[in-house]
Amino acid sequence: MDIAFEGFTWPERFLVLTTPFDFEAMRGMCFRNYIADPEEWCNCFKVAGDGPPGLWRLVYPADPDAPEESLLADDFVQNKLQNFFPLEEPYEIVHRNLYTVHQRVAANFRKGRVMLAGDSSHVNNSIGGMGLNGGIQDAMNLAEKLTRVWKGEDQRLLDLYDLQRRSYARDFVQEQSIQNKQRLENNDPESRKKSLDGLRATAANPEKARQFMLKSSMIEAMRKVDAMTLEGS
Ligand SMILES: Cc1cc2nc3c(=O)[nH]c(=O)nc-3n(C[C@H](O)[C@H](O)[C@H](O)COP(=O)(O)OP(=O)(O)OC[C@H]3O[C@@H](n4cnc5c(N)ncnc54)[C@H](O)[C@@H]3O)c2cc1C
């Protein structure tokens, strides 16, 4: 559609491993874990899969200069797992892949009769789980407006879709997902302490914790952009 996809691509790819090892039963872990080790970060979370135990997914940053074959080799991926979660036997790995990670938002979500939604209009790193969730919000927003246009309302409603959803992707998801990644990879002892103390203080205060949840579950930003009007912007 000749629409610019503005933003950047991270130098490191994300190594994604999937295993039936039950991190909840065997290690008492919850369904979403973000591990900010000073030397390396890791995400470990439950994904859909027949079970029990179902499937668990691990995400690590991968050296941008290493060849793909060595990053996906058995020894390498077993070491990755063993470094974070030591086990006496090798892990069963049912899927492994390397992903190139972008932070990009389309310059416009509407061109005439063509509307962009989901990953065709915005992509971000997966830390915080905002990609698919944002795409579902796009679909809800657009479906409501398309119905109204179909029933005879002004086509400018489709420009409002562009304004609301592009603002959301650019001002909220990009900023939050970049911050999430930076928090995990931060290895400066002083700012790590400050950031973790901040999270602990938020968790200990019910009102602050609620605000944090409204923000990280993407509800607060959705309410904000849903209130935007073409006249007001
Ligand atoms: C490693 C990883 C982890 C992620 N984790 C999360 C997470 O925890 N939470 C979250 O919310 N999101 C997550 N995401 C993001 C999420 O997967 C995407 O945002 C979501 O799948 C995008 O959905 P979509 O329908 O917009 O695009 P897609 O899933 O890319 O679907 C587009 C479809 O269009 C098809 N297609 C393309 N071209 C054509 C054509 N010319 N004709 C016909 N069909 C075509 C493609 O084959 C594809 O099936 C993650 C992504 C990755 C890579």
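Buried residues make up 21% of the 233 residues in this protein. The model you are looking at is a predicted one, so let's walk through it piece by piece, starting with the overall layout and ending at the ligand. **Overall layout**

- The secondary structure comes to eight helices and 10 strands.
- Taken along the principal axes, the C-alpha atoms fill a box of roughly 65 × 45 × 35 Å.
- Consider the contacts between residues at least 6 apart in sequence: 65% of them join residues at least 24 apart.

**Two domains**

- The protein is divided into domain 1, which covers residues 10–99, and domain 2, which covers residues 103–226.
- Their centres, taken over C-alpha atoms, are separated by 26 Å.
- Where the two domains touch, the contact takes nine residues from domain 1 and eight residues from domain 2.
- On the domain 1 side of this contact, strand E3 (32–36) and strand E4 (41–47) each supply at least two residues.
- That side of domain 1 divides into seven nonpolar residues, one polar and one charged.

**A three-stranded sheet**

- Strands E1, E7 and E10 form an open sheet in the order E1-E7-E10, with antiparallel pairing.
- Strand E1 (5–9) and strand E10 (122–123) stand at the edges and have a single partner strand each, so one side of each is left without a neighbour in the sheet.
- Between E1 and strand E7 (residues 102–106), the antiparallel pairing runs over five bridges.
- To find this pairing in the model, look for glycine 7, which stands opposite arginine 104 in E7.
- Another pair to look for is phenylalanine 8 with its bridge partner in E7, glutamine 103.
- E1 is hardly covered, and the count of buried residues among its five residues is zero.

- Helix H3 spans residues 74–84, and Val77, Lys80 and Leu81 are buried in it.
- Seen down the axis of H3, these buried residues fall within an arc of 90°, so they line one face of the helix.
- The face of H3 turned away from the buried side carries the exposed residues Asp75 and Asn79.
- What covers the buried residues of H3? The cover includes strand E2, strand E5 (55–62), helix H2 (68–72) and strand E6 (95–99).

**Around the ligand**

- The residues around the ligand are Phe14, Val16, Tyr99, Gly118, Asp119, Ser126, Gly129, Met130, Gly131, Leu132, Asn133 and Gly135.
- By type, this shell divides into five nonpolar residues, six polar and one charged.
- Which elements each supply at least two residues of the shell? They are strand E2 (13–19) and helix H4 (131–150).
- H4 gives the largest share of the shell, with four residues.
- Both domains take part: the shell draws at least three residues from each of domain 1 (10–99) and domain 2 (103–226).

Note on methods
Residues numbered from 1 in each chain as written. Predicted model: local features only at pLDDT ≥ 70, side-chain atom pairs only at ≥ 80, totals over all residues. Near = placed C-beta within 6 Å. Nonpolar A, V, L, I, M, F, W, Y, C, P; charged D, E, K, R; others polar. Domains from an automatic or database assignment. Buried ≥ 20, exposed ≤ 12 C-beta atoms within 10 Å, placed from the backbone. Arc of directions from axis to C-beta. Contact = placed C-beta atoms within 7 Å. Pairing = 2+ DSSP bridges.
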